[in-house]
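Dear colleague,

Here is the structure for your files. My notes on its two ligand sites follow.

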Amino acid sequence: MTAFKRILYGGDYNPNQWPRETWSEDIELFRKANINSATINVFSWAKIQPSENEYYFDELDDIIDMLSKENYDIVLATSTAALPAWMFKKYPEVARVDYQGRKHKFGQRHNACPNSPVYQRYAQALATKLAERYSGNKNITCWHINNEYGGECYCDNCEKAFRVWLKDRYKTIDAVNKAWNLEFWGHTVYEWDEIVLPNALGEGIGDTATAFAGISIDYCRFNSDSLLNNFKMERDAVRAVSPNALITTNLMGTYKALDYFKWAKEMDIVSWDNYPAYDTPWSMVAMCHDLMRGLKGQPFMLMEQTPSQQNWQAYNSLKKPNQMRAQSYQTIAHGADTIQFFQLRRSVGGCEKFHGAVIGHVGTEDTRVFREVTQLGKELHSLGDELLGASNPAKVGIIFDWENYWALEYTCGPNSDLKYVDQIHQYYEYFYEKNIAVDMIPVDADLSKYNVVVAPVLYMVKDGMQEKLESFVENGGALVTGFMSGIVNESDNVHLGGYPGPLRKMAGVWVEEIDALAPEQCNAIRFADGTESTCHLLCDIIHLEGTESVADYNSNFYASTPAVTKNSFGQGTVFYVGTQLEKQGLEKVLDLVSAESGCKPIIDTTTNLEIVCRKTDKACYYFVINFTKEVLPLPEIFVGKTDLLSKDILTAEYTLAPYDVVLVCVED
Ligand code: GLA
Ligand code: ZN
């Protein structure tokens with residue numbers, strides 16, 4: 001399934017920041033670079049609504065005309081992500097209040113209080129006006145609502161809205177007291193208006209945590225919903241005028257504050273902005289792509305990437321020659337149907353003047369970046385629509401759950417170094433390195449299509465999950481879970497009766513105590529074959545309940561007790577990893593899981609190349625990418641095939657230099 005007729009190739013374009021003479025130069029250069037799409041009107045609210053009752057569309061009309069004449073796929077943004085100055089001045093309530101209780105002034109972006117009726121009214125009006133004016137234009141391919149929704153607000157409007165949200169969720173004040181366990185410290189509330197938002201001046205502990213994680217988790221749910229309501233409001237305004245419009249907003253990978261699985265249900269297509277740092281592992285980038293594909297289980301848009309460098313990280317290294325191309329194909333390999341840059345022309349001032357762009361400050365085509373963009377444009381053009389909508393079949397599902405993410409990181413103890421995304425990534429990395437395809441899945445996914453489900457640090461086990469996981473395993477699935485799992489319910493109250501609570505029966509273990517290790521401390525585990533491996537962070541002290549030990553600890557007072565276990569349950573198996581294993585130890589456990597569950601790499605050969613398969617009704621497309629620093633041989637299975645990008649016939653001597661890519665199509 002695809003939303004597009006061709007691979008969209010372009011990106012954020014802000015001609016409104018430039019004199020008109022520049023526009024025609026841009027178009028000339030874009031033509032040369034095979035650009036066919038532009039995302040416009042992202043930050044133009046101040047220009048199109050210069051005062052409360054005045055709208056000015058002439059310039060946007062001209063921009064849209066110009067791009068339509070070139071037959072662009074236009075991604076039209078609604079401009080509501082940065083408020084105009086007049087709105088702050090006249091309606092101070094639109095400004096956010098931060099966790100420290102400070103009311104913000106005019107400035108910055110992503111700065112509206114999501115529960116401000118004034119902001120909502122004007123954002124909705126703007127979306128409606130844009131839809132009325134432009135939705136008839138057949139070059140408007142996609143609507144881009146707002147931009148990178150995010151952040152929090154702790155103002156009085158939000159506090160009132162939080163109480164309404166809570167009433168809807170809990171119905172009675174007693175239920176709230178119980179959910180948050182407010183009897184602890186006698187923080188019992190009697191009336192709804194006694195409930196305050198979590199903040200530094202109230203329940204706050206440290207930067208963002210509070211004395212009652214239950215309150216913080218509900219605030220996260222509420223804040224995510226508040227921003228989602230903003231999105232839905234604009235989306236519905238566009239839909240009211242243009243019922244078939246394709247509507248998205250750009251997400252940010254594992255961004256913590258928003259429950260993207262919930263968001264994706266409201267979006268027609270997922271789009272996201274990929275900005276890895278110079279030292280981000282390629283497996284992490286791949287995981288984020290898979291997560292973004294997993295949100296809807298469908299191809300996604302790469303709304304933004306830089307053609308060369310960022311400006312907002314500490315060290316904004318350049319992408320090396322060919323790196324942007326390799327990253328772009330990695331993106332397509334994992335499910336993208338578009339490649340879009342931020343941005344098409346480098347801005348003259350403001351904090352992003354050092355941010356990479358297709359056209360640099362020199363203003364000519366004579367740059368390395370422009371040449372690389374042009375080459376990729378040519379290749380994507382010649383690929384045509386063949387790959388659009390192709391799927392990514394996978395037999396391994398890794399659970400990612402935002403509520404669990406919040407709960408795990410808000411909890412006080414046992415080890416504050418525990419980070420959710422890193423925990424998920426270490427499992428993902430194993431499969432990535434083996435070229436075993438993975439789906440990133442929500443807790444309510446259909447598990448029946450997977451051989452293996454991995455649920456690391458499944459700290460929060462909500463109603464219904466026990467039954468769901470048990471039936472997956474009973475029917476022959478392999479479940480991998482481990483420390484800090486099965487601990488709390490959806491309100492962060494402990495599942496009593498022994499850890500890992502609802503997972504205890506299927507895992508066949510009782511965790512009596514959890515030891516926390518400081519960074520300078522470690523333990524080690526010993527596998528049955530005598531192999532040893534270090535472990536860190538947390539050590540579960542485990543009792544076997546009819547299950548077998550895969551590896552035991554070898555020091556501390558719990559030496560010789562089980563650290564990793566394996567339990568047969570129904571026709572399937574549950575692996576429980578009770579400590580933070582170093583890479584080689586985890587690999588050994590996961591080798592066992594893969595062997596037992598018949599998980600196969602995309603090709604049989606062992607290689608350090610990244611290999612990903614996208615599949616259509618007619619064919620499998622193999623992306624072969626070299627993200628290492630060595631020259632690597634082409635796996636034999638591809639010898640004799642044609643590389644769709646270079647059109648070369650691949651010989652037995654063929655090698656891939658760093659950042660080289662080969663794309664091979666094998667018809668079914
Ligand atoms: C984000 C924003 C863009 C731009 C880029 C810079 O993704 O959406 O407007 O600021 O970052 O990297
Ligand atoms: Zn607010």
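An oxygen atom of ligand 1 is 2.3 Å from an N or O atom in the side chain of Glu352, a polar contact (a pair of N or O atoms within 3.5 Å). The corresponding distance is 2.4 Å for Glu304 and 2.7 Å for His355. The protein covers 97% of the 310 Å² of accessible area (Shrake-Rupley method, 1.4 Å probe) that ligand 1 has on its own.

The model is predicted, with local features requiring pLDDT of at least 70 and side-chain atom pairs pLDDT 80 or more, while totals for chains, interfaces and linings use all residues. Residues are numbered from 1 along each chain as written, chains are lettered from A and ligands numbered from 1 in the order written, and side-chain values use heavy atoms, without hydrogens and water.

The shell around ligand 1 (residues with a heavy atom within 4 Å) includes Phe43, Arg109, Asp273 and Trp312. By class, it has four nonpolar, three polar and five charged residues.

The zinc ion (ligand 2) is coordinated by the SG atoms of Cys113, Cys153, Cys155 and Cys158 at 2.2 to 2.3 Å; donors are N, O and S atoms within 2.8 Å of the metal (3.2 Å for Na, K and Ca). Their spacing along the chain is C-x39-C-x1-C-x2-C. The angles among the four donor atoms are 100 to 118 degrees, and the site is tetrahedral (all angles between 85 and 135 degrees).

Regards

Definitions and conventions: A polar contact is a pair of N or O atoms within 3.5 Å; within protein, one must be able to donate a hydrogen and the other to accept it, and residues adjacent in sequence count only if both atoms are side-chain atoms. Ala, Val, Leu, Ile, Met, Phe, Trp, Tyr, Cys and Pro count as nonpolar, Asp, Glu, Lys and Arg as charged, and the others, Gly among them, as polar. Four donors count as tetrahedral if all angles lie between 85 and 135 degrees; four count as square planar and six as octahedral if opposite donors are over 155 degrees apart and all others between 65 and 115; anything else is irregular.
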